[in-house]
Amino acid sequence: MPLGSLRPSPLVEQATQHLREQITQGEWPVGTRLPGENALAKALGVGRSTVREALRALAGAGLVQARQGSGVFVIATATATATATVLAEGWPARLRRAAITDVYEVRMMVETQAARMAAQRRTEEDVAALEEALAARARAAAGDDAAFVDADIALHAAVVAAAGNPVLTDLFAEFAPALREGLIGLVEVLGLRAHDRNPGHDAHAELVAAVRDGDGDAAGAILQAELEQTLAHLHGA
């Protein structure tokens, strides 16, 4: 993306904004050394003093850092203010604004590892909960799409709970509302239950069996394959 010359005023603010956009839009990734002051001044059509002030502003925002004898380097692509905004609004609000495909990619990473841990740590109570959740999912197949998705998420939540890590359980609970909304829409739009009211039953039964049998590799692989299939549907929806 070419920088482009700037209008006469106010130069420092404009220079700062143009450079910030280059960074936040990924034109200069973290670790990149910025062009020298002379090159930036020429590209922006301003003096070196204006570039210098703009770089100071970016450093104050936590985006760049000057290294003695080496130049100015990008150290972040989001400002501290933006990060603070996400933390202040909380993850539920952030997840509601996120694309379902982005949420799902993170879900895959979290839940696949959780399945492996569940197979290693599950108790008899966990196995009983998983088997009941599987049966509840099958019963929900007779209901509407929302009820079926709720039962499906409940089964996955039981797998995560069997991993025995309360932080992981809480993390999945944060994802659940965004997952529910996206999955109900996906089932309805693609008609995934038009010909099979209980899609994915065999895979989920195999997942429960793998956790019950303590086979972490199988549990992780089964869940990975199932979630990848759903993610492919989401990308194509």
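Arg137 and Asp152 form a salt bridge, with 2.8 Å between their closest N and O atoms; the term covers a side-chain nitrogen of Lys or Arg within 4 Å of a carboxyl oxygen of Asp or Glu. Arg137 sits in helix 7 (residues 124-140) and Asp152 in helix 8 (residues 145-162), so the pair ties together parts that are 15 residues apart in sequence. Bear in mind that this is a predicted model: local features need pLDDT of at least 70, side-chain atom pairs count only at pLDDT 80 or more, and totals for chains, interfaces and linings use all residues. Residues are numbered from 1 along each chain as its sequence is written, and side-chain values use heavy atoms, with hydrogens and water left out.

**The Arg137–Asp152 pair**
- Arg137 counts as buried because its relative accessibility is 2%; buried means under 20% relative accessible area, exposed over 50%, and partly exposed in between (1.4 Å probe, protein chains only).
- Asp152 is buried too, with a relative accessible area of 9%.

**Other salt bridges**
- The count comes to 11 salt bridges.
- Glu111 pairs with Arg107 in one of them, the closest N and O atoms being 2.6 Å apart.
- Both of these residues lie in helix 6, four residues apart, or about one turn of the helix, and both Glu111 and Arg107 are buried.
- Arg56 and Glu53 make another salt bridge, with 2.4 Å between the closest N and O atoms.
- That pair belongs to helix 3 (residues 48-60), where the two residues are three apart, about one turn of the helix.
- Arg56 counts as partly exposed because its relative accessibility is 49%, and Glu53 gets the label partly exposed at 38%.
- There's also a network of salt bridges that links Glu37, Arg48 and Arg52.

- Where does Glu226 sit? Look in helix 11 (residues 216-236).
- Glu226 is buried yet has no salt bridge, and the nearest side chain of opposite charge is Arg137, 5.6 Å away; for charge, Lys and Arg count as positive and Asp and Glu as negative, while His and the chain ends are not counted.
- What joins the side chains of Glu226 and His156? A polar contact of 3.5 Å does.
- A polar contact is a pair of N or O atoms within 3.5 Å; within protein, one must be able to donate a hydrogen and the other to accept it, and residues adjacent in sequence count only if both atoms are side-chain atoms.
- Leaving out residues up to four places away in sequence, Glu226 touches His156 and His204, where contact means heavy atoms within 4.5 Å.

**Ala118 in helix 6**
- Ala118 lies in helix 6 (residues 100-121) and is buried, with a relative accessible area of 0%.
- Which residues does Ala118 contact, leaving aside its neighbours within four places in sequence? Those are Val159, Ala162, Ala163 and Val211.
- Ala118 and Gly220 are 102 residues apart in sequence, with 9.6 Å between them in space, C-alpha to C-alpha.

**The hairpin**
- Strand 1 (residues 64-67) and strand 2 (residues 71-74) run antiparallel and are joined by four bridges; two strands pair if DSSP finds at least two bridges between them.
- Val64 has Val74 in strand 2 as its bridge partner.
- The hairpin has three residues between the strands, and Gly69 takes a positive phi near 80° there.

**Whole-protein picture**
- The protein has 11 helices and two strands; helices (H or I, at least four residues) and strands (E, at least two) are DSSP runs, numbered from the N terminus.
- From the N terminus on, the order is α-α-α-β-β-α-α-α-α-α-α-α-α.
- Of the 237 residues, 39% count as buried.
- If you take contacts between residues at least 6 apart in sequence, 68% join residues at least 24 apart.
- The protein exposes about 12400 Å², and carbon and sulfur atoms supply 54% of it; accessible areas come from the Shrake-Rupley method with a 1.4 Å probe, and for residues only the protein chains shown count as cover.
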